[in-house]
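Open the model in your viewer and keep the selection tool at hand. This tour goes stop by stop.

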Amino acid sequence: MSSLGLMLRNTFINKNAPLNNGVGRYIPQLARITLKFCKSHGSSQGVRSFIETDIVQFAQKNPGVVVYMKPRRHRSPVLVAEFLNGERYWQSLHNYSAEEVAGFFDLYRGHSGHEYSDQFKQTYSENPSIQGYWNPTTNKDPTDAQTKFPTTKLPFDRDQTASEILEKIYQSQKSSESFPPGEEEKLASRRQGESS
């Protein structure tokens, strides 16, 4: 079943996956792997130990991959991976350990066969922004770049603390207690009911 049958959007990943692999079912892309090595040369020691210990398990776990072993006299060991799309990858295994050889086998087992392409953008989008990408300093005040820290400047959108609110109330009450000259007598007379 194709991605169109499942109503999937055409995205960067769907366009570059071989045959939309994994959308309906998964088809391993590695077709053939050839291990060329020397039976006596010292640089092939890791490859020989990999063949003795792990090659049979790899072949049993991956029945869709054909594994060839090609002994060559006095030559450096080489791994050649061939994929369904026709690509061939050549990897030198000169003086590699058995674990490193197993790592290359696992790498090519899950590889799609496409060349790796550098992604120069951090994000890929169906609708790229014409205003540019957002960054943490997009809406900042330019003077903040020259500020020496620690600074006593407070942010504009900071809420007042309860202590600050109480201080303001106290200051307003304190300022209302001091009257201009003559006002205290007028207030006292009004409280007593006298008219002025």
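The stops below cover salt bridges and then the nonpolar core.

Before starting, note that this is a predicted model, where local features need pLDDT of at least 70, side-chain atom pairs count only at pLDDT 80 or more, and totals for chains, interfaces and linings use all residues. Residues are numbered from 1 along each chain as its sequence is written, and side-chain values use heavy atoms, with hydrogens and water left out.

**Stop 1: Arg32 and Glu82**

Select Arg32 and Glu82. They form a salt bridge, with the closest N and O atoms 2.5 Å apart. The term means a side-chain nitrogen of Lys or Arg within 4 Å of a carboxyl oxygen of Asp or Glu. By this rule there are 3 salt bridges. The Arg32–Glu82 pair links distant parts of the chain: Arg32 lies in strand S1 (residues 30–37), Glu82 in strand S3 (residues 78–83), and 50 residues separate them. Strands (E, at least two residues) and helices (H or I, at least four) are DSSP runs, numbered from the N terminus.

Now colour by accessibility. Glu82 is buried, at 15% relative accessible area. Arg32 is partly exposed, at 31%. Buried means under 20% relative accessible area, exposed over 50%, and partly exposed in between, using a 1.4 Å probe and protein chains only.

**Stop 2**

Which residue does Arg88 form a salt bridge with? The partner is Glu82 again, the closest N and O atoms being 3.5 Å apart. Arg88 is exposed, with 55% relative accessibility. Keep the three selected: Arg32, Glu82 and Arg88 are linked in a network of salt bridges.

**Stop 3: helix H4**

Move to helix H4 (residues 98–109) and select Asp106 and Arg109. Their side chains meet in a salt bridge, 3.6 Å from N to O. The two are 3 residues apart in H4, so about one helical turn separates them. Asp106 is partly exposed at 42%. Arg109 is partly exposed too, at 34%.

**Stop 4: the core**

In soluble globular proteins, nonpolar side chains tend to be buried together. Here, the largest nonpolar core has 21 residues. Such a core is a set of buried Ala, Val, Leu, Ile, Met, Phe, Trp, Tyr and Cys residues joined through side-chain atoms within 4.5 Å. Select Leu35, Phe50 and Phe105, which have the most contacts inside it. S1, helix H2 (45–53), helix H3 (55–61), S3 and H4 each give two or more residues to this core. H4 gives the most, with 6 residues.

Finish on Phe105. Leaving out residues up to four places away in sequence, Phe105 touches Ile33, Leu35, Phe50, Ile55, Phe58 and Leu79. Contact means heavy atoms within 4.5 Å.
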